[in-house]
Amino acid sequence: MIIDQVAFDQIAITLAKDFDSMYYVDIESDCFIEFFHSQMLNELNLPEQGTDFFAFLSEQAKNIVHPDDLEYILQLIDKPSLLKKLSENNSSIAVCRFILDGKITHICHISILCEDKKHVLGCIKNIEAEYREQEHQQQIIKSAERLARLDELTGIKNKNAYTEHVKIIENMISISNPDYEFGIVMCDINDMKQINDTRGHSFGDEAIQSACRMICDVYKTSEIYRIGGDEFVVILTGTEYENRDNLLKTLKEKSESNNRTRSGPVLSCGMAVYDSAIDKKYNDVFEHADALMYENKNELKFESHTANIVRAANPNEAIPEDRRCILDSLFGALYTTAGDGYLFLTDLRYNFSRWSLSLINDFGLQSEYMYHVEKIWEKCIHPDDVSRYKEAIDAVLHGNSILYSICYRARKADGSYVILKPRGFVLNDNDGKPDYFGGIIIPQ
């Protein structure tokens, strides 16, 4: 079972002071891992991990649950029953009595269904003091509610908490108080699908966590929510509302720097503020911020497509916009159908190429758009393999081979060499002349 340690650490830190034990359970395989347990449970010799959580839970219950509570607990922790309840409510809370060291201790067991619907968090808390004082009973409920409002991956508040906050704002708007102020900053990670498809979801999770840190470094007092896969919302209030323009400028500058240097996630951002004379509901402000965010996304993509391009030696040889759009469309089709590997596509008329981001990042090239890329790429190829590479390219361009099968060594950004096996093709124009040259390069 693969565990996201960063996400676990964030949750564990949050819960360590509130709970005496916590397990993370894969409900498909029943594998589980224990985060921690307190001294209260030391005598049980709880395993750090296992492969059959529900059988383990049932056996533990028979050993430590008070006989009068055992039937109730066994019914509650039965896997089908528990999953049914979690599918309806996302959480389940059970209060019972443990017999530990000969003493009765009231405990609360909380099960919470994670957002991916594939994992469950199981938490145990000693509520003996709360049980003795009825007013403390609400404390454990609040702890469970707090956990249900945390985003598992980033540790910030999730969409459940966001929805509740929106309701509060809606109520304030309905009062029609002209002095009521708030702002919304929408943030979205650029090229998230491509990151997941080419680098894997683990790399994508790291990008989401890094983006969250960027936002939290800028907005330190406002409420920040992860409301979707790569979407974040900041609700501005107080001094950060008053300083909103400078803060947004700071966040955009960080993102633009990442876009130029490929040193971190690229965030598209849009901000809108509530105007009581115009906005009748929260969504009016949200949609304005969302629209501005998409404008910023297009600006960043244009910058990526133009500012980082390796320029043609002669400006008169620069590729026209309509040809570049065709290249992008063809590359998109190639990207959709090719599967794993590094992709490339060259407009032979202008010797202008687009290469996949994964290749650019791995080999430290300047941009995914380049003129005369064959000269740039040749510098990455092992000197002993350059002649073989040139012969293969020449063969394809002269129509001697539609697909070529060679291997050569290329130097990555970290200085190491990797063996690559490219397969290429040529698209001819209406006159039968080579028009586009593209293909896939597969690491061996």
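**A short tour of the predicted model**

1. Let us start with a single residue. Asp191 counts as partly exposed because its relative accessibility is 34%. Please keep in mind throughout that this is a predicted model. Asp191 sits in the loop between strand E7 (183-189) and helix H8 (192-199). Although Asp191 is not a glycine, its phi is positive, at about 60°.

2. His372 is worth a look next. Its phi is near 50°, again a positive value in a residue other than glycine. You will find His372 in the loop between strand E13 (369-371) and helix H15 (373-378). With a relative accessibility of 25%, His372 counts as partly exposed, because that label covers values between 20% and 50%.

3. What does E4 pair with? Strands E4 and E5 run antiparallel and are joined by 10 bridges. Within this pairing, Cys96 stands opposite Ile107 of E5. The hairpin of E4 and E5 has two residues between the strands, and Asp101 there takes a positive phi near 55°.

4. Leaving aside residues up to four places away in sequence, Phe98 touches Ile64, Val65, Lys103, Ile104, Thr105 and Ile107. Phe98 is also among the residues closest to the centre of the largest cavity, together with Leu57, Ile77, His109 and Ile124.

5. About that cavity: the count comes to one cavity of 30 Å³ or more. The largest cavity has a volume of about 300 Å³, and 26 residues line it. E1, H2, H3, E4, E5 and E6 each supply at least two residues of the lining, with the largest share, six residues, coming from H2.

6. Finally, which kinds of residue make up the lining of the largest cavity? The lining divides into 20 nonpolar residues, six polar and no charged.

Methods: Residues numbered from 1 in each chain as written. Predicted model: local features only at pLDDT ≥ 70, side-chain atom pairs only at ≥ 80, totals over all residues. Heavy atoms only, no water. Contact = heavy atoms within 4.5 Å. Pairing = 2+ DSSP bridges. Helix = DSSP H or I, 4+ residues; strand = E, 2+ residues; numbered from the N terminus. Buried < 20%, exposed > 50% of the residue type's maximum accessible area, 1.4 Å probe, protein only. 1 Å grid on protein atoms, 1.4 Å probe; cavity = no way out; pocket = protein on both sides within 12 Å on 5 of 7 lines; lining within 4 Å. Points joined across faces, edges and corners; volume = space filled by probe spheres on them. Nonpolar A, V, L, I, M, F, W, Y, C, P; charged D, E, K, R; others polar.
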